[in-house]
Amino acid sequence: METIPLTFKSDEKGYFDRQCPNENCLFEFKVYMQDWKEKFSDEEVYCPLCGCVAPSNEWFTEEQTEQIHNVVADWTRVYIENSMSKLFKKLEQTTKNNRYLKIKYKSNCPTTFINNPIGAKEEWELDITCEKCGARFSVIGSAFFCPCCGYNSASKMFDESLDSVSKMLQSIDEFHEVLEANYGKDKAETMSREMIENTICQIVSTFQKFAQCRVKEICGKEYRVNDFQIVDKGDTIFKNETNHSYSDWLSQDEISYMRLFFQKRHIVEHNSGIIDQKYIDNSNDNSYTVGQRLIVKKDEVIEFLRIVKKLGAGIKILL
């Protein structure tokens, strides 16, 4: 049985390309090639973004797959050409002394198979070393899981996600100018407003996942992510499991502000921003009446982000 050896090139920093096999994700990342050979398991590799687990032979990028197909096609063509050449040479030899049939074969120069290494994309800026297993990998954007051991660093995820939200809010005026230039004032206003509203959802979902992971790290208990969607419920969980409550780090005014924005997230995500009676009852926000549209200002979200970061900093240091 013939085998075709495949070799891969790394980028200048020693990383080579991988891609999540989950069709709903297809996240591309890089792994330090030496670690891939020495640290990674053949049975389980983890996607840094979605956490998908698959054997190590399923992580080829689309570009690598195409290059592999080309290598196989070239090898097959050369193999067939050389096999046919050998066959006709043999036939020529067997008919050499035949009085009635002679086969003459003139071959071209033997075809050579050139097995070039499969290349890598240029290096990226964000390099990460897993704090648990020491595997090195590189990503664009966020990474929640170590591709080698699957470790989920709740603190790293929390910091990186909220940092992205912060940069989004800081850049919203620039985005508005670009949108206005491309789509006009009305569209730009609508799209900018939606971007600001969506940051509330990002902040809340980031905090929920962080809180769930931290409780599990501290006491080993698995709570649902949605248990931290309600401020008072999450506060009670921390109080029962760690003897610390949100009031250890936040003032009552800050907790009230956090409650309000958790409710605003709910109305944005589940009711398209239209006020209902449930929102008024749960938030005690009497500045709206049923049927009105929620208005969210950038400075308000920045204050909400500050409060969540402050709470997260306290939760991080719990043992």
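Predicted model: local features only at pLDDT ≥ 70, side-chain atom pairs only at ≥ 80, totals over all residues.

Reader: Which residues are linked in a network of salt bridges?
Author: Glu-254, Glu-303, Arg-306 and Lys-310. A salt bridge here is a side-chain nitrogen of Lys or Arg within 4 Å of a carboxyl oxygen of Asp or Glu.

Reader: How many salt bridges in the whole structure?
Author: The search finds 19. One of them joins Lys-30 and Asp-11, with the closest N and O atoms 3.3 Å apart. Lys-30 lies in strand β2 (residues 28–32) and Asp-11 in the segment before β1 (15–19), so the pair ties together parts 19 residues apart in sequence. Helices (H or I, at least four residues) and strands (E, at least two) are DSSP runs, numbered from the N terminus.

Reader: Is Lys-30 buried or exposed?
Author: Buried, with a relative accessible area of 0%. Asp-11 is buried too, at 9%. Buried means under 20% relative accessible area, exposed over 50%, partly exposed in between (1.4 Å probe, protein chains only).

Reader: What is Lys-121 in contact with, sequence neighbours aside?
Author: Leaving out neighbours within four places in sequence, Lys-121 contacts Asp-11, Asp-17, Glu-28, Lys-30 and Glu-63. Contact means heavy atoms within 4.5 Å. Lys-121 sits in the loop between α2 and β5 and is partly exposed at 31%.

Reader: Which salt bridge does Glu-197 make?
Author: Glu-197 meets Arg-293, 2.8 Å from N to O. That pair links distant parts of the chain: Glu-197 is in helix α5, Arg-293 in the loop between α8 and α9, 96 residues apart. Glu-197 is buried at 4%, while Arg-293 is partly exposed at 28%.

Reader: And Arg-214, what's its partner?
Author: Glu-217, with the closest N and O atoms 2.6 Å apart. They are three residues apart in helix α5, so about one helical turn separates them.

Reader: Switching to the core. How many residues has the largest nonpolar one?
Author: It has 46 residues, and those with the most contacts inside it are Phe-207, Tyr-246, Met-258 and Phe-304. A nonpolar core is a set of buried Ala, Val, Leu, Ile, Met, Phe, Trp, Tyr and Cys residues joined through side-chain atoms within 4.5 Å.

Reader: Which helix gives the most to this core?
Author: α5, with twelve residues. A second, separate core of 21 residues includes Trp-36, Cys-52, Ala-54 and Ile-128.

Reader: What do the buried residues of α9 pack against?
Author: They pack against α3, α5, α6 and α7. Phe-304 and Leu-305 are among the buried residues of α9. Ser-166 is buried at 13%.

Reader: What covers the buried residues of α3?
Author: The cover includes β5 (126–129), α4, α5 and α9.

Terms used:
Residues numbered from 1 in each chain as written. Heavy atoms only, no water.
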